[in-house]
Amino acid sequence: MELVRLATTGSVDDGKSTLIGRLLHDTKQIFVDQMEAIEEASRQRGTDYVDLALLTDGLRAEREQGITIDVAYRYFSTPKRSFILADTPGHIQYTRNMVTGASTADVALILVDVRNGVIEQTRRHSFIASLIEVPHLVVCVNKMDLVDWSQDAYDEVVAEFRDFATRLNISDLRFVPVSALTGDNVVDHSANMAWYHGPSVLELLEEIHISSDRNLIDVRFPVQYVIRPHTMEHQDYRGYAGQVASGVLKEGDEIVVLPSGYETTIASIDTFDGPVAEAVPPMSVVIRLADDLDVSRGDMIARPNNQPHNGQDLDVMVCWMSDDRSLRVGNKLAIKHTSNWARVVVKECNYRLDINSLHRVEDVDELTLNEIGRFQLRSTRPLLFDEYRRNRATGSFILVDEATNDTVGAGMILGRSQ
Amino acid sequence: MSPRYKLSQVDALEAESIHIMREAVAESERPVLLFSGGKDSAVVLHLARKAFHPARVPFPVMHIDTGHNFPEVIDFRDRQVDRLGAELIVVSVQDAIDQGRVVEERGRNASRNRLQIEPLVSAIEEHGFDVVFGGARRDEEKARAKERVFSFRDEFSQWDPKAQRPELWDLYNSRIRRGEHVRVFPISNWTESDIWGYIGAQEIELPSIYFAHRRRVFTRDGMLMAESDHIAMTGDEDVEERTVRFRTVGDMPVTGAFESTATTVAEILEEISATRITERGASRADDRMAEAAMEDRKREGYF
């Protein structure tokens with residue numbers, strides 16, 4: 001069984017909670033005691049229907065205010081696949097939460113009310129999914145029951161979305177006409193829309209091919225931890241632990257250790273269950289090298305003929321996440337990139353992206369909460385990186401405020417600064 | 001693509017958990033693992049062995065002993081720690097009561113659950129732990145569904161759910177100031193059936209009370225409670241012997257059993273896939289108290 005990570009976002013009205021509730025309910029993930037608890041809570045609040053949002057709203061403040069504050073993770077599975085769903089609220093801290101949820105997602109689910117078509121919120125959702133390079137986007141054209149299951153109404157929304165999506169970078173775009181409320185095309189096929197011959201939402205989620213989304217070409221192995229047992233049995237053991245970021249590593253492969261540049265070969269790829277012939281992402285393994293080199297956390301193993309960039313000047317897109325401070329030219333921040341911490345200084349602010357119109361707003365000198373913009377950064381020491389579009393693991397970073405230690409920004413590397 | 005490049009869901013979860021543990025250890029000076037003796041902490045301990053193999057697990061194991069534990073769980077704890085060659089730190093709630101640092105609850109539903117918080121927080125301070133591994137899962141409970149993998153605690157060990165650090169990709173922020181620490185939950189993304197599937201596949205040993213056995217029990221609030229010195233019974237509660245097992249491991253007075261004949265992991269998995277009640281709803285009196293019971297305890301420093 002394969003693990004698939006989903007991200008979904010939206011506000012109270014678009015039927016997102018109902019859709020998630022449906023997926024959980026119809027795949028039999030909601031337990032009797034959970035259902036009783038939300039029925040009771042709905043009654044206490046005086047709502048007419050069972051509010052499935054109460055399933056995910058876990059914090060006291062959320063229940064009191066009837067809002068969703070934070071990313072909630074939900075789990076469901078079918079005989080074919082197991083799903084982790086990052087459910088993010090649409091109203092407050094919108095961008096910050098969606099970027100967080102999307103950062104690990106294989107598939108983004110976007111709901112569109114068939115009566116409203118592509119609205120500002122749809123544009124924002126889709127744009128962020130495209131910016132974070134979520135490989136698959138599933139647009140659920142919802143509330144089909146309210147337009148008499150009309151194919152024309154559906155086709156119109158699909159055409160409108162496709163037209164808008166040409167401006168985005170979406171590699172796989174799918175549409176499903178649904179009614180989350182009645183369950184049509186969520187799990188089971190709709191009897192009301194005989195004109196639709198495609199899969200239901202759940203069938204689509206079960207079918208989408210995700211294992212080929214991984215980068216199996218560029219070998220990148222950030223060293224996380226050096227294992228030296230110091231026991232009688234393993235006196236000379238020296239292994240480099242980490243998670244394969246991309247590429248396929250094999251025993252005997254010629255590799256280069258960066259930044260030192262020393263070349264050697266892989267002596268073995270070890271795990272607790274014994275050595276393996278090869279390692280692929282996202283396996284966590286221990287690599288032993290044929291030569292005794294000085295390798296430490298933060299170094300990277302790559303192939304001699306396929307190396308990441310090694311430099312201090314980064315051209316990046318940043319999503320700002322702090323309510324306390326803004327991002328400005330001259331700011332110094334801590335950066336975490338792969339298994340490395342360094343510091344960066346902000347050299348230049350190029351533009352801010354208006355996430356509604358997708359226009360570039362130039363002549364800005366700062367980025368505030370939930371804004372996205374392009375910057376030039378210089379790091380205190382060289383980083384080993386790739387373009388984010390080629391490699392999520394070696395192209396992403398977080399920015400941390402050195403005074404508060406808060407995570408204040410998320411970044412994607414576009415390339416070297418020119 | 002070659003099927004050999006595909007990872008199963010449990011392999012993917014295991015790889016993620018190992019990455020989290022290595023990251024936390026690499027970035028901390030004094031990590032510790034909280035071990036309850038339950039199935040989740042047994043899985044975390046197993047993952048720790050795998051993450052640092054062939055080296056020993058590079059941190060001590062800490063148990064908060066309420067004095068109301070199942071004896072089978074204490075036996076299990078000692079065997080596990082012995083086998084690892086790890087250092088065991090036992091923090092005694094009884095000592096805290098005897099020293100007047102906490103006050104025993106009274107009444108029919110008295111439990112030592114909340115009393116664990118003070119001794120736990122004091123032990124973290126006393127030992128200067130900066131990373132504390134725990135076996136909490138997000139599917140267990142809805143306050144936990146919102147908690148980060150690296151969950152920051154201030155100098156009072158408090159959790160502030162509204163001021164959590166955003167957690168993106170697999171880039172974890174473990175930076176803290178002196179006196180603060182990070183609770184790290186490597187199996188955040190595992191579900192109850194993932195845990196059982198893994199226990200079966202990896203042949204992980206568990207305390208015997210998870211499997212069906214004969215036990216003297218009585219019914220209270222719809223749950224079967226084990227007869228013990230730690231729970232006061234009322235006159236109308238009758239003890240009888242039944243074949244039961246436990247779905248979670250907590251203190252004897254708050255952990256309910258249920259009738260089951262499952263004696264193997266495979267049988268337990270079958271049982272779970274048919275059950276319609278969550279594990280905490282089914283077996284934990286402490287979580288039935290209030291809708292926000294877990295959130296309130298967590299804010300004060302609970303795990």
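In strand E10 of chain B, B:Phe246 has B:Ala257 as its bridge partner. This is a predicted model: local features need pLDDT of at least 70, side-chain atom pairs count only at pLDDT 80 or more, and totals for chains, interfaces and linings use all residues. Residues are numbered from 1 along each chain as its sequence is written, while chains are lettered from A and ligands numbered from 1 in the order in which they are written.

**Overall build of chain B**
- Chain B holds 10 helices and 10 strands. These are DSSP runs numbered from the N terminus (helices: H or I, at least four residues; strands: E, at least two).
- The radius of gyration of chain B is 19 Å, close to the 19 Å from the globule rule for 303 residues, so chain B is as compact as a globular protein of that length. The radius is taken over C-alpha atoms, and the rule is 2.2 Å times the number of residues to the power 0.38.
- Along the principal axes, the C-alpha atoms of chain B fill a box of roughly 60 × 55 × 40 Å.

**The barrel**
- Strands of a sheet pair through backbone hydrogen bonds, either parallel or antiparallel.
- E9 (residues 240-246) and E10 (residues 256-259) of chain B pair in the antiparallel sense over three bridges. Two strands pair if DSSP finds at least two bridges between them.
- Four strands of chain B form a closed barrel, in the order E7-E8-E10-E9, with antiparallel pairing.
- On average, neighbouring strands of this sheet are turned by 70° against each other, direction ignored.

**Two packed helices**
- H2 (residues 39-52) and H6 (residues 192-202) of chain B pack at about 55°, with axes 10 Å apart. Axes are lines fitted to C-alpha atoms, for helices over the stretch in contact, and angles run from 0 to 180 degrees between N-to-C directions.
- That angle makes H2(B) oblique to H6(B). Under 35 degrees counts as roughly parallel, over 145 as roughly antiparallel, 65 to 115 as roughly perpendicular, and the rest as oblique.
- H2(B) supplies B:Lys39, B:Asp40, B:Val43 and B:His46 to the contact, and H6(B) supplies B:Ile195, B:Tyr198, B:Ile199 and B:Gln202. Residues are in contact if their C-beta atoms, placed from the backbone, lie within 7 Å.

**The side facing chain A**
- 49 residues of chain B are in contact with 53 residues of chain A.
- H1 (9-26) and H2 of chain B each supply at least two residues of that side of chain B.
- H1(B) gives the most, with 11 residues.

Definitions and conventions. Contact = placed C-beta atoms within 7 Å.
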